[in-house]
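Hi everyone, thanks for making time today. I'd like to walk you through one structure, so please bring it up on your screens.

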Amino acid sequence: MTPRRLGVLLAALMQILAASALAPAAGAAPIDRLCNDYLSRTITVDVLGDSIMSGSGASDQFHSWSAKLDRILGVNAVRQRANAGSVTTDYLPGGRYYSQTWATMASAPTVVVMDWRLNEHDGYVWNLPGGADPFQLRDNLIRLINHIHSASPTTTVLIVNPPIVFDGRDIDLQRQYVAGMWVAKDVTNSLWLDLALYFPASAAENDLGLLGPDLIHPGNPGQAVIATAVHQRLHGTCAR
């Protein structure tokens, strides 16, 4: 094991210990409601997040991943509330997109799908507004999920890790952010979906065109992959 890899693992262990103070009082995630709604085809899904979740990279809304998922789950099942360029704090009280969080809390959906990481990373590295280090991202995710659960305790949250960006950004630092997201998942009893498993690990492997020209945002084929991956995660949770 390389020293850098060991450092990433140690950082993840430290995050688990530090995040324990933010753990919610509630028990396990409300899987019973998720599976009842999924199997009865009454499921509702709200989408929060950045450009990956908003469908940037699709040729049009019809080809976005959330529209594809909506067609799989049923008409008007998915409500798109993600915003390109956003960070987690934008959806916390006082943030520029908090109205979207409030609308989600008021509607109490079966599932909330959310990502984030890329804009926090870039802002932190390049000292831009909204930047957050891995620990701050972890804590902000925990606060946001707990805030949603304070109004809608039966909503299941699915945290999505977006594809790793390999255009010169520090891969090990990105993995530290992923470790923080994983801790937030455990602390809040959320579900997890790692899109990095579905997308290429280098530009040379993008032969299927899953990523668009910028090698960050999924094109139409990648949008279909996200929709299928989210659906499979929900189906796999309940088809037992």
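**Around His 217**

Let's start at a side chain: His 217 makes a polar contact with the side chain of Ser 51, at 2.7 Å. By polar contact I mean a pair of N or O atoms within 3.5 Å; within protein, one must be able to donate a hydrogen and the other to accept it, and residues adjacent in sequence count only if both atoms are side-chain atoms. His 217 also has a side-chain polar contact of 2.6 Å with Asp 214.

Before going further, a word on the source: this is a predicted model, where local features need pLDDT of at least 70 and side-chain atom pairs count only at pLDDT 80 or more, while totals for chains, interfaces and linings use all residues. Residues are numbered from 1 along each chain as its sequence is written, and side-chain values use heavy atoms, with hydrogens and water left out.

pLDDT is the predictor's confidence in each residue, from 0 to 100. The chain's mean is 88, and 87% of its residues reach 70 or more. Over residues 1-28, though, pLDDT stays under 50. Where pLDDT is low, the predicted coordinates should not be read in detail.

Back to His 217. Is it buried or exposed? His 217 is buried, because its relative accessible area is 19%; the cut-offs are under 20% for buried, over 50% for exposed and partly exposed in between, with a 1.4 Å probe and protein chains only. Leaving aside neighbours within four places in sequence, His 217 is in contact with Ser 51, Ile 52, Ser 56, Gly 57, Leu 211 and Gly 212, where contact means heavy atoms within 4.5 Å.

His 217 is found in the loop between E5 and H9, and Asn 206 is found in the loop between strand E5 (191-194) and helix H9 (220-238). These labels are DSSP runs numbered from the N terminus: helices are H or I with at least four residues, strands are E with at least two. Asn 206 counts as buried because its relative accessibility is 14%. A polar atom of the Asn 206 side chain lies 3.1 Å from the backbone nitrogen of Leu 211.

Five strands form an open sheet in the order E2-E1-E3-E4-E5, with parallel pairing; strands pair if DSSP finds at least two bridges between them. The edge strands are E2 (78-80) and E5, each pairing on one side only. Neighbouring strands are turned by 20° against each other on average, direction ignored.

Strand E4, residues 156-161, pairs with E5 over four bridges, and Leu 158 stands opposite Leu 191 in E5. Both faces of E5 are covered: Leu 191 and Leu 193 on one side, and Trp 192 and Asp 194 on the other, are all buried.

At the start of H7, a side-chain oxygen of Asp 133 comes within 2.9 Å of the backbone nitrogen of Phe 135. The buried residues of H7 include Leu 137, Leu 141, Leu 144 and Ile 148.

Definitions and conventions
Axes fitted to C-alpha atoms, helices over the stretch in contact; angles between N-to-C directions.
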